[in-house]
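Please keep the sequence and the model in view while reading.

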Amino acid sequence: MVRDIWALRLQSLQSRVSYESESEAEQSSQLYSSQSEAERTDDTSQKRRARKSKNDAVPKLVDALSMCYIGCLLLRLPVTVSDIYTWAASGDLIYYRAVRVLSESMKSRLPFNYNKIMDPQDILNPGAVQQAVLDNITAFDRAFGMVTPPINHILILYRWIRNLALPLEVYSATLRLAKLLDITFVYDVQVKRSSRYRIVQYAEARLMGVLVVATKLLFPLDNVKRYPKNPTELSALSMDWSTWSKARVEYNETIKSATPLGYQEAMQVQEKDVLDMSEDKLDEYMDWYGSVFAEENVREKGRVGKEAEFRRALLRFFPVERIIQESPDAMDLDQEAETVPEDERLKKVQSSLRPARVKADVASTENKVNRPGNSYKRYRNAGELEGYAREFYEEAAGLAGLPLSSLVKCVFILERRLEIWESGERKK
């Protein structure tokens with residue numbers, strides 16, 4: 001599937017490059033005609049713009065990650081952008097030092113700019129993967145009329161609720177709220193939006209945004225007392241967010257200690273971090289460093305070629321090969337190692353649920369009962385988050401593969417849409 005998607009991508013690229021090559025040839029032939037100096041300057045600038053456009057059209061490694069995600073999307077697999085990003089960051093999906101997996105014959109014929117593309121030095125941003133997915137889906141829609149299906153939101157929503165250790169009532173509330181606001185979970189490529197509202201074009205961002213709104217409605221993140229009208233409402237349970245916060249910290253510490261050192265995490269290690277590492281983590285870091293930077297045969301050009309002597313010298317510091325235990329497949333969504341701490345976290349949070357006190361409406365306006373949804377608090381930017389709200393938003397943003405500020409913006413846009421719908425219903 002991914003191979004076929006790449007064929008389409010390269011087909012559109014080939015036609016674009018050939019067109020620009022003809023355009024450049026025509027411009028170069030006209031450059032030596034009887035033109036004035038100003039006209040020659042204009043032609044030179046056009047030539048530079050055409051060359052820049054051609055360089056921008058060259059696929060990047062982040063495009064390769066987006067192609068893998070689009071393939072999963074077409075097959076309706078419950079794989080998220082966060083999964084793709086996590087696999088690339090840990091080194092289980094080829095991204096960092098991808099040039100090393102190429103054959104020697106291919107490396108020798110590879111142009112210098114491609115060597116640089118195949119060896120990214122910047123830390124991968126999950127927002128960049130999201131944007132690459134949207135850009136490529138948009139390009140396929142405009143070039144070939146290819147319509148991508150919606151994400152498998154049923155299974156993804158269940159995964160997210162389980163990973164966030166939320167009550168199952170959030171599942172029904174999320175689907176009801178999405179239907180109420182007429183929200184679909186397909187990538188929006190038909191409407192051209194400004195950069196301010198681009199976040200709502202991401203299907204997974206909308207799903208996580210609705211999930212956050214539903215959670216805030218049923219289980220508010222503040223200490224305000226709210227009372228349902230009857231015990232059959234979805235909000236008839238109250239959640240102890242302090243227990244949720246403690247379980248979250250314990251779960252993250254357990255997972256961090258059990259997870260092998262990933263490529264991106266190793267790239268961000270500083271001197272002070274080494275002092276706090278355990279013996280196993282330090283061995284993992286040295287194994288990673290030796291496998292990445294210490295090489296005997298260096299044939300790459302550019303920056304890597306200049307560091308050839310340094311890499312050969314490093315190799316002498318890693319003469320012993322330590323036996324490394326094979327870890328379970330990181331791409332398996334149902335790893336046994338992650339199931340146990342996740343179940344423990346769910347049990348702790350579920351045991352803290354308590355039935356909320358039910359109160360009927362009273363005739364007196366002075367003793368008005370505060371209902372679920374009243375005193376609902378919205379956040380315009382990430383700086384307004386604090387306490388349990390910040391913890392919950394950060395956890396949700398990590399699952400959705402979004403920066404925290406982007407998720408806050410998406411949730412706020414959906415909350416405004418819900419407010420407009422409520423205002424219209426009241427007028428009716």
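Which residues do ring pairs link into a cluster? Ring pairs join Trp 241, Trp 244, Tyr 379, Phe 392 and Tyr 393 into a cluster. The model is a predicted one, in which local features need pLDDT of at least 70 and side-chain atom pairs count only at pLDDT 80 or more, while totals for chains, interfaces and linings use all residues. Residues are numbered from 1 along each chain as its sequence is written, and side-chain values use heavy atoms, with hydrogens and water left out.

**Aromatic pairs**

- Rings of Phe, Tyr and Trp (its six-membered ring) are paired if their centres lie within 6.5 Å, with planes under 30 degrees apart counted as stacked, over 60 as edge-to-face and the rest as tilted; by this rule the count comes to 8 aromatic pairs.
- Trp 241 and Trp 244 form an edge-to-face pair, at 5.2 Å centre to centre and with 70° between the planes.
- Both of these residues, Trp 241 and Trp 244, lie in helix H11 (residues 241-258), 3 residues apart, about one turn of the helix, and both are buried (buried means under 20% relative accessible area, exposed over 50% and partly exposed in between, with a 1.4 Å probe and protein chains only).
- The ring centres of Tyr 379 and Tyr 393 are 5.9 Å apart and their planes stand at 80°, so this pair is edge-to-face.
- Because Tyr 379 lies in the loop between strand E2 (354-355) and H18, and Tyr 393 in helix H18, the pair ties together parts that are 14 residues apart in sequence.
- Tyr 379 counts as buried at 7% relative accessibility, and Tyr 393 counts as buried at 1%.

**Packing of H10 and H18**

- Helix H10 (residues 203-218) packs against helix H18 (residues 387-400) at an angle of about 155°, their axes being 10 Å apart, which makes H10 roughly antiparallel to H18 (angles under 35 degrees count as roughly parallel, over 145 as roughly antiparallel, 65 to 115 as roughly perpendicular and the rest as oblique).
- Glu 204, Met 208, Val 212, Thr 215 and Lys 216 in H10 meet Phe 392, Tyr 393, Ala 396, Leu 399 and Ala 400 in H18, where contact means heavy atoms within 4.5 Å.
- By class, the contact of H10 with H18 has 7 nonpolar, 1 polar and 2 charged residues.

**Positive phi**

- Most residues other than glycine have a negative phi.
- Ala 165, although not a glycine, has a positive phi of about 55°; Ala 165 is found in the loop between helix H8 (153-163) and helix H9 (169-180) and is buried, with a relative accessible area of 0%.
- Asp 182, also not a glycine, has a positive phi of about 60°; Asp 182 is placed in the loop between H9 and H10 and counts as exposed at 67% relative accessibility.

Terms used:
Axes are lines fitted to C-alpha atoms, for helices over the stretch in contact, and angles run from 0 to 180 degrees between N-to-C directions. Helices (H or I, at least four residues) and strands (E, at least two) are DSSP runs, numbered from the N terminus. Ala, Val, Leu, Ile, Met, Phe, Trp, Tyr, Cys and Pro count as nonpolar, Asp, Glu, Lys and Arg as charged, and the others, Gly among them, as polar.
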